[in-house]
Amino acid sequence: MSEQLPQNPQVNPEQPASETTMTFASISALEGAFTVAGTSPEVRDAVSALPLGSALLVVRAAGVDGERFLLDRDRLFAGRSERADIFLNDVTVSRKHVEFIRHGSEFEVRDQGSLNGTYINRDRIDSYILKTGDEIQIGKYRMVYYQSPLAQVSPQSASSADE
């Protein structure tokens, strides 16, 4: 004896409900990261303009607040070497300190056996998949990670928005 609940005529049964929810949740998560990090309007604009598959590191400490590093390739190295993709001029940073590896629209950070370690949200890591708002510490450099907002919108909801 199961009762059938009345159908809501405004709900499309062929469209998963998570599409709309995912979009709102990602906007909320991005706004939360901006608030926590005390993000300037310039950084907000830069993050909003990021293409799919890219991310931004924004320096929050080390005497160079606001300096930005674009993550837009499959592999990037950060370290004290002048050949590094992201040059971090600090004696506590190893020459080849970390590698950033793109997996789809996400980035993984991998410590390269550095002497002083790599920290995400104050925890020492060997490898970690980054999320918007994460704080990365490499030597005296503390950077906030921002993923492209386009990565947080599902491909299905992006295509249905085009219709």
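I begin with an aspartate: the backbone nitrogen of Lys131 lies 2.7 Å from a polar atom of the Asp134 side chain. Please keep in mind that this is a predicted model. The side chain of Asp134 also makes a polar contact, at 3.3 Å, with the side chain of Tyr128.

Where in the fold is Asp134 found? Asp134 belongs to the loop between strand 9, residues 127-129, and strand 10, residues 135-138. Is Asp134 buried or exposed? Its relative accessibility is 5%, and the limit for buried is under 20%, so Asp134 counts as buried. Setting aside neighbours within four places in sequence, Asp134 is in contact with Ile120, Asn121, Tyr128, Ile129, Met143, Val144 and Tyr145.

Asn121 is placed in the loop between strand 7, residues 118-120, and strand 8, residues 123-125. Arg122 lies in the loop between strand 7 and strand 8 as well. For Asn121, phi is near 50°, a positive value in a residue other than glycine. For Arg122, which is likewise not glycine, phi is positive and near 70°. As to accessibility, Asn121 is partly exposed, with a relative accessible area of 36%, whereas Arg122, at 66%, counts as exposed.

Finally, I turn to the aromatic rings. How many aromatic pairs are counted? The count comes to zero. A charge does sit over a ring, however: the charged end of Lys96 is placed over the ring of Phe77, 4.2 Å from the ring centre.

How values were computed:
Residues numbered from 1 in each chain as written. Predicted model: local features only at pLDDT ≥ 70, side-chain atom pairs only at ≥ 80, totals over all residues. Heavy atoms only, no water. Helix = DSSP H or I, 4+ residues; strand = E, 2+ residues; numbered from the N terminus. Buried < 20%, exposed > 50% of the residue type's maximum accessible area, 1.4 Å probe, protein only. Polar contact = N/O pair within 3.5 Å; in protein donor to acceptor, adjacent residues only side chain to side chain. Contact = heavy atoms within 4.5 Å. Phe/Tyr/Trp six-rings, centres within 6.5 Å; stacked < 30°, edge-to-face > 60°. Lys NZ or Arg CZ within 6 Å of the ring centre and 35° of its normal.
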